[in-house]
Amino acid sequence: MDEVSLNTDPVVDDDADEFEIEGDCGMTECISPGGVIQGENPLPPAVGMEFDSYEDVYYFYNCFAREQGFGVRVSNTWYRKSKERYRGKLSCSSAGFKKKSEANRPRPETRTGCPAMIKFRLMENKRWRIIEVELEHNHLISPASGKFYKSHKHIGLGTKRALELEGAKEVQKISLFRTVIVDVEGDGSAEVSDGEFRTTHNQSNQLRLKEGDAQAVHSYFSHSQLMDPNFFYVVDLNEKGCLRNLFWMSARSRVVYGYFGDVVTVDTTCLTDKYDVPLVSFVGVNHHGQSVLLGCGLLAGETIESYTWLFRAWLTCILGRPPQVIITDECRTLQTAVADVFPRASHCLCLSRIMQKVPEKLGVLYEYEAIRMALNNAVYYSLRPEEFEATWEGMIHHHGIGDHIWLQMLYEDRRRWVPVYLKEIFLAGMFPTQPNEVVGSFFDGYLDRNTSLKEFLDKYDQALQANHQLEALADVESRNSGFMLKSRCYFELQLAKLYTNDILRKFELEVEGMYSCFSTRQMNEEGHVLTYMVREQIEVGGNRRETRDFEVLYNASEMEVLCVCGLFNFRGYLCRHALSVLHQNGIEEVPPQYILSRWRKDIKRSYVLNHSYGGIDTNNPVHRYDHLYKCVMQIVQEGRKSQDRYKDTVQALNQILSKLHLVEGHL
């Protein structure tokens, strides 16, 4: 046992426990000539954040504290016998209580026993990880008072307990857990918020750009923001000012997310397949079942840090409203980042991408074709988990492939990608459940492995316009043209008045399938719940038909129907088996809880960003900046229309600035 604590958590301590960082180190570049730390951290500290040094943790928390309006103290530092630090605790400066003084005129008590703090420790990879966070304070805090705290001043040489650092080192800096609003001026300069974390990883430190790419990015973003003041973009720069990671999202996409952001696919195909454009796109589906773009990013590499930065940038843009379901490729790095940024979302792995890897991963195995067929049978045709488990185990033992690492990993993650485990999750048709279904890319036809970034950006708006036109045409078709019904079934007649044509065509297949269900019989009754068995002949393996029994639960009092096939959650409409049970019970309409607004054609969807104050997190400086920018741009649009309006606008803005300066002077 070589770990020793030289100080324990103090309940009573004094000001001597507080110290400042000084020296020629990475953080001094973020300190103004007046000695006050510059910069801000839009996002609070969170468990799992990693830093290159103890000092970086202190600096990050101190910047966050200044932004929020409280001071920072070092409560604890644990050392090994070798005097190496391995654990620390930083607290609000109001933590604990001062020692009782016997002086005639003791100083007034300023501490409140505040619980706000972070704990962090040195990991095996020699990086410092935050392991515990408490954000709540038991006293009032104000951003305006942050500059008055001792920890936010730069103390000169000779300060007590100053930390001696070696000379400046050449280190790579990665801004992991912050987003940076970039305001591109005419000279191409970028205003970047401070508060960077550092890492010694040299790979993934810079986007691989060809000649003309950087200018193309700058031109596209500048043009987009001129045409659309609500266009949102974020950049991550390395220490040389070069692009490392990018994220952007149009105003239309931000509004579309409000309608169709329940299920989102994160498409990393271009990054994992080594395209010249390392694109990551966020994609959903609209009321026609068409893909809609919900944001894009360019990443320097497939690292946890890059993915985490991208996800946090996207989450900031959508005002902290994460999707219910996120679908990604099978990738441990991605899984770690998703779990960190979206802990409450259901994370699924793209089934079609996994099955596309089967020839590559298993093609060299003896009896590959038999293994492939057994795998397909287990994945696509199991109705219950125990059925999948038995089929999988039989495949593994029969072919002697229990030591295959990829199959072992798939089995460990089975609850994220095997359909039989995902029936309780609504997937809006974005998760393929049939062997021949493939999920395409939003930019198919506009982007291939050899497309340069400049070429892609030239085609980007063209791809968006084509997508918007398809949606507009589908809207017109659904609202104005009559849908030719193949049957006169009440279910179909009902939804023809409500659903878009594309969704209705898919539902029509289930109505037709009702007539292939040749036996629907009641098996059991428990209270209000009736159990039915619906028999159907299905196609298995492409050329073989098999009779299967589908269990359907029906509650007449609640008008609830649940089929073991799980189609409603997979696709968003009732299956043929559930419809057969409803029909047998004399129900002529689909119950209202199974009619989803996301498929309806009679809902007017305005893809114009709402400038209302609601939904803005005023504690987040990124949101404040973004909202104020939108408001000011509206004023600019109105003020430029005439000379009189221009003069009134300038006068009003000057009055606002004077008022703000007056308020600041009273703080």
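Phe232 is buried in this predicted model, at a relative accessible area of 3% (buried means under 20% relative accessible area, exposed over 50%, partly exposed in between, with a 1.4 Å probe and protein chains only). Phe247 is also buried, at 0%. Residues are numbered from 1 along each chain as its sequence is written. The model is predicted, so local features need pLDDT of at least 70 and side-chain atom pairs pLDDT 80 or more, while totals for chains, interfaces and linings use all residues; side-chain values use heavy atoms, without hydrogens and water.

Aromatic pairs number 33 (rings of Phe, Tyr and Trp, the last by its six-membered ring, with centres within 6.5 Å; planes under 30 degrees apart are stacked, over 60 edge-to-face, the rest tilted). Tyr220 and Phe231 pair edge-to-face, 6.3 Å centre to centre, with 80 degrees between the planes. This pair links distant parts of the chain, 11 residues apart. Tyr220 lies in helix α2 (residues 213-227) and Phe231 in the loop between α2 and β9 (232-237). Helices (H or I, at least four residues) and strands (E, at least two) are DSSP runs, numbered from the N terminus. Tyr220 is buried, at 9% relative accessibility. Phe231 is buried too, at 5%.

Phe232 and Phe247 form an edge-to-face pair, with ring centres 6.3 Å apart and planes at 65 degrees. Phe232 belongs to strand β9 and Phe247 to strand β10 (residues 243-249), so the pair ties together parts 15 residues apart in sequence. Ring pairs also join Tyr220, Phe221, Phe231, Tyr233, Trp248, Phe442, Phe443, Phe456 and Tyr460 into a cluster.

Charges sit over rings as well (NZ of Lys or CZ of Arg within 6 Å of the ring centre and within 35 degrees of the ring normal). Arg85 lies over the face of Tyr54, 4.1 Å from the ring centre. Arg598 lies over that of Trp599, at 4.8 Å.

The model has zero disulfides (pairs of cysteine sulfur atoms within 2.5 Å). For Cys565, the nearest cysteine sulfur is that of Cys563, 3.5 Å away.

The lining of the largest pocket divides into 23 nonpolar, 11 polar and 12 charged residues. Nonpolar covers Ala, Val, Leu, Ile, Met, Phe, Trp, Tyr, Cys and Pro; charged covers Asp, Glu, Lys and Arg; the others, Gly among them, are polar. A pocket is an open set of points on a 1 Å grid over the protein atoms alone, where a 1.4 Å probe fits, with protein on both sides within 12 Å along at least five of seven lines; lining residues have an atom within 4 Å of a point. α9 gives the most to this lining, with 10 residues.
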